[in-house]
Amino acid sequence: PLDSMVEGERRTLAVALSDLSGYTLLSSRDEKQAMLLAALLQRQAARVAGQHRGRVVKSMGDAVLFAFEDAAGASAALAELH
């Protein structure tokens, strides 16, 4: 409901997105390998986010959407994931 959104707690977050470069091409050549890499990304993303005061909000195939307490945590997590 709109009332709960308006009256709810406000927080500042850093939001980040990471995806696998070349995933579509790899999928067309070796779908099994592409799916394995996407699964590995999702697993590593959850681990890295947790270490940098963040969390995975959503996984979308070869992409992961994150939320972090601050930009420093987001930057450190993405650098480590890269």
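1. Fold order. Helices (H or I, at least four residues) and strands (E, at least two) are DSSP runs, numbered from the N terminus.

2. Basis. The model is predicted: local features need pLDDT of at least 70, side-chain atom pairs count only at pLDDT 80 or more, and totals for chains, interfaces and linings use all residues. Residues are numbered from 1 along each chain as its sequence is written, and side-chain values use heavy atoms, with hydrogens and water left out.

3. Overall dimensions. The radius of gyration is 15 Å, whereas a compact globule of 82 residues would have one near 12 Å. The radius is taken over C-alpha atoms, and the globule rule is 2.2 Å times the number of residues to the power 0.38. The C-alpha trace spans about 50 × 30 × 15 Å along its principal axes.

4. Burial and surface. Of the 82 residues, 24% count as buried. Buried means under 20% relative accessible area, exposed over 50%, and partly exposed in between (1.4 Å probe, protein chains only). The protein exposes about 5,900 Å², and carbon and sulfur atoms supply 54% of that area. Areas come from the Shrake-Rupley method with a 1.4 Å probe; for residues, only the protein chains shown count as cover.

5. Contacts. Take the contacts between residues at least 6 apart in sequence: 47% join residues at least 24 apart. Contact means heavy atoms within 4.5 Å.

6. The whole structure holds three salt bridges. A salt bridge is a side-chain nitrogen of Lys or Arg within 4 Å of a carboxyl oxygen of Asp or Glu. One of them pairs R47 with E80, at 3.4 Å from N to O. R47 sits in helix α3 (residues 31–51) and E80 in helix α4 (residues 71–81), so the pair ties together parts 33 residues apart in sequence. Both ends are partly exposed: R47 at 36% relative accessibility, E80 at 39%.

7. Loop network. R53, E69 and D70 are linked in a network of salt bridges. The closest N and O atoms of R53 and E69 are 3.7 Å apart. R53 lies in the loop between α3 and β2 (54–60) and E69 in the loop between β3 (63–68) and α4, so this pair ties together parts 16 residues apart in sequence. D70 meets R53 at 2.5 Å, N to O. D70 also lies in the loop between β3 and α4, so its pairing with R53 ties together parts 17 residues apart in sequence. E69 is exposed at 52%. R53 is partly exposed at 43%, as is D70 at 28%.
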